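Biologist: I have a model open and want to learn how to read it. Can we go feature by feature?

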Amino acid sequence: MQRRHFLKLSATTTTAVLLSRLTYATSTQTIAINMPDEVWAQSGDEWFRLKAANGSVFSYNDIEVKVKTNGNAKGVYVTSPTQQLNAVRLKWKHNIPSTAKFLGDHWERSYGDLQWKTDRAGVKNPWYVIIYDGRQTACFGVKTGANSVCWWGLGNDSLELTLDTHSGGNGVLLGNRTLHAADIIATSGKAGENPFHTDHRFCGMMCEKPRLPKQPIYGINDWYFAYGNNSFDLIKKTTAMMAELVTDTGNKPFSVIDAGWATYSPLLPGDGGWNDDFSKPNDKFKDMHLLGDEIKKLGMRPGLWMRPLCARHDEKASLLAPKIPGRDDPRNPVLDPTIPENIERIKHNFDVYKQWGYEMVKHDFSTYDITGRWGASMKDSITSPGWNFNDRSKTTAEIILNLYRAIRGAAGDGIYVIGCNTMSHLSAGIFEMCRIGDDTSGREWDRTRKMGVNTLAFRLPQHNKFYAVDGDCVGITTDIAWDRNKQWLQLLAESSAPLFVSGQPEAMGEIQKAAVKKAFTQAAKVQPLGEPLDWMDTMQPEKWRLNNRDVDFNWE
């Protein structure tokens, strides 16, 4: 039996201040957050405060927000039959000590900028926020798969949750339907549990049914030495070279063919072309089915990269997304994801990959193609204002989820899916893996250090709770000193997260091969979750707990 009680608001007890106005379940550590003190709705540019009725219903004209108990969460349901709905904001009176640190997530990939903060002014914490006062950890979030894009804001005496219900750059037109915008969930740290492990446990609460690989994932990828200048022969050569380093035949690695294999079409004189048709290989590859078979013969499992919303250069205008800032390059037309014909084309591509025998697909660019922005640029808003897709009756979050679910359904059980540049919280439970950070590099060590180390440290709590977290590749090339790269290789290999290596043949000497062989052996097996020990004090942690021992790195 769960014993429930209310934590009393105290001006002197930090823990009670952090968890004020919350119902606490001692056996599960689940905190049932109270009804909000204020509810606001945005229609167009105007915000309206909704009037409370019966404690759980809030309304203004015909806009209505209901907050219901959904198991261990509070569900938010919204109707707005005649007015466009841009956002809903819930606000709780909630005192947070000025010295408390807090950590949010990112919209999609992270950009080397995740960190514990104390200055809360104007900070949007996408999806969830972890608050730590030096003794107690409190977590507030929404469950994965929400039908709105959500973020948390911290004030001196308040906690706010904004549910973005835009459809593109305009408010959604719900008509007579009710939008289940999100499910709010919260927890606190258990006795003796540090913030990292509380974060990890909380991620499992936000995503109750993750879709995970059957075995640890590892392998190779050509991008960080080929950068698109790849071919059938190069893939076969590098796969053969790296396959010699595999020791675990019970868990075979993947050889993922990155950008450069699909059909290209030039638009302007002298233009180098871009990916045009992801169901057909170009002349450098010719036969993708044959290449997949060659990869399998060499002892690896074939995978490939694709861009689902990329349109053909001669596409019918009626199938294209509106041109907006960031999505107005005529060389990169984008399909409108709300048009069923376009979804069917994407599903067809996956049918082709299954026929070719590929076992992993990494799909990329979908958030950028939908919003015209990278996650790092989503400061004031997710996208530019004043536009919408063909179907304005669905929120941007619903449009994204429909795309992801279509990809999942088309991939079936035979293809592992990596989402790259995907909305993290919306891909959880749908894809087995997520590329959790912006690109590392085979050319610039500073980029690998920034994007790779930061990303892995701060999003590793999501590993095997949302999906398998892919911190990106180790680009072993002649451009980066080995004494740097070998540390990044070790961290990935012992973190328990997926390991992918981009090994330039000219850079793979005997020392590098021996290190990769060891790393492959480690990454092929289940390991304890790696933990950054100094992550609350630095953006690029150097002290780690790996395989039950402390390891120091020197990223400089």
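Biologist: How many bridges pair β8 with strand β9, and in which sense?

Modeller: Two strands pair if DSSP finds at least two bridges between them. Here β8 and β9 (residues 73-79) are antiparallel, with 7 bridges. Threonine 69 has lysine 74 in β9 as its bridge partner. Strands are DSSP runs of E, at least two residues long, and helices are runs of H or I, at least four; both are numbered from the N terminus.

Biologist: What should I know about the model itself?

Modeller: It is predicted, so local features need pLDDT of at least 70 and side-chain atom pairs count only at pLDDT 80 or more, while totals for chains, interfaces and linings use all residues. Residues are numbered from 1 along each chain as its sequence is written, and side-chain values use heavy atoms, leaving out hydrogens and water.

Biologist: Which residue in the turn between β8 and β9 has a positive phi?

Modeller: Glycine 71, at about 65°. This hairpin has 2 residues between its strands.

Biologist: Which strand does β7 pair with, and over how many bridges?

Modeller: β7 (residues 57-60) runs antiparallel to β8 (residues 63-70), joined by 4 bridges. Tyrosine 60 faces isoleucine 63 in β8. The hairpin of β7 and β8 has 2 residues between the strands, and asparagine 61 takes a positive phi near 50°.

Biologist: Which residues is valine 149 in contact with, beyond its neighbours within four places in sequence?

Modeller: Contact means heavy atoms within 4.5 Å. With those neighbours left aside, the contacts of valine 149 include Trp107, Trp127, Leu163 and Ile382. Tryptophan 107 is 42 residues away in sequence, but the C-alpha to C-alpha distance to valine 149 is 8.4 Å.

Biologist: How many residues are in the largest nonpolar core?

Modeller: A nonpolar core is a set of buried Ala, Val, Leu, Ile, Met, Phe, Trp, Tyr and Cys residues joined through side-chain atoms within 4.5 Å. The largest holds 152 residues, and Met242, Trp261 and Phe520 are among those with the most contacts inside it. Helix α8 (residues 396-411) gives the most to this core, 10 residues. A second, separate core has 11 residues, including Val256 and Cys473.

Biologist: How many cavities of 30 Å³ or more are there?

Modeller: A cavity is a set of points on a 1 Å grid over the protein atoms alone where a 1.4 Å probe fits but cannot get out; lining residues have an atom within 4 Å of a point. Points are joined across faces, edges and corners, and volume is the space filled by probe spheres set on them. The whole structure has 4 such cavities.

Biologist: What about the second largest cavity?

Modeller: Its volume is about 70 Å³. The second largest cavity is lined by 13 residues, and Ile220 and Phe225 are among those nearest its centre. Helix α4 gives the most to this lining, with 4 residues.

Note on methods
On a 1 Å grid over the protein atoms alone, a cavity is a set of points where a 1.4 Å probe fits but cannot get out, and a pocket is an open set with protein on both sides within 12 Å along at least five of seven lines; lining residues have an atom within 4 Å of a point. Buried means under 20% relative accessible area, exposed over 50%, partly exposed in between (1.4 Å probe, protein chains only).
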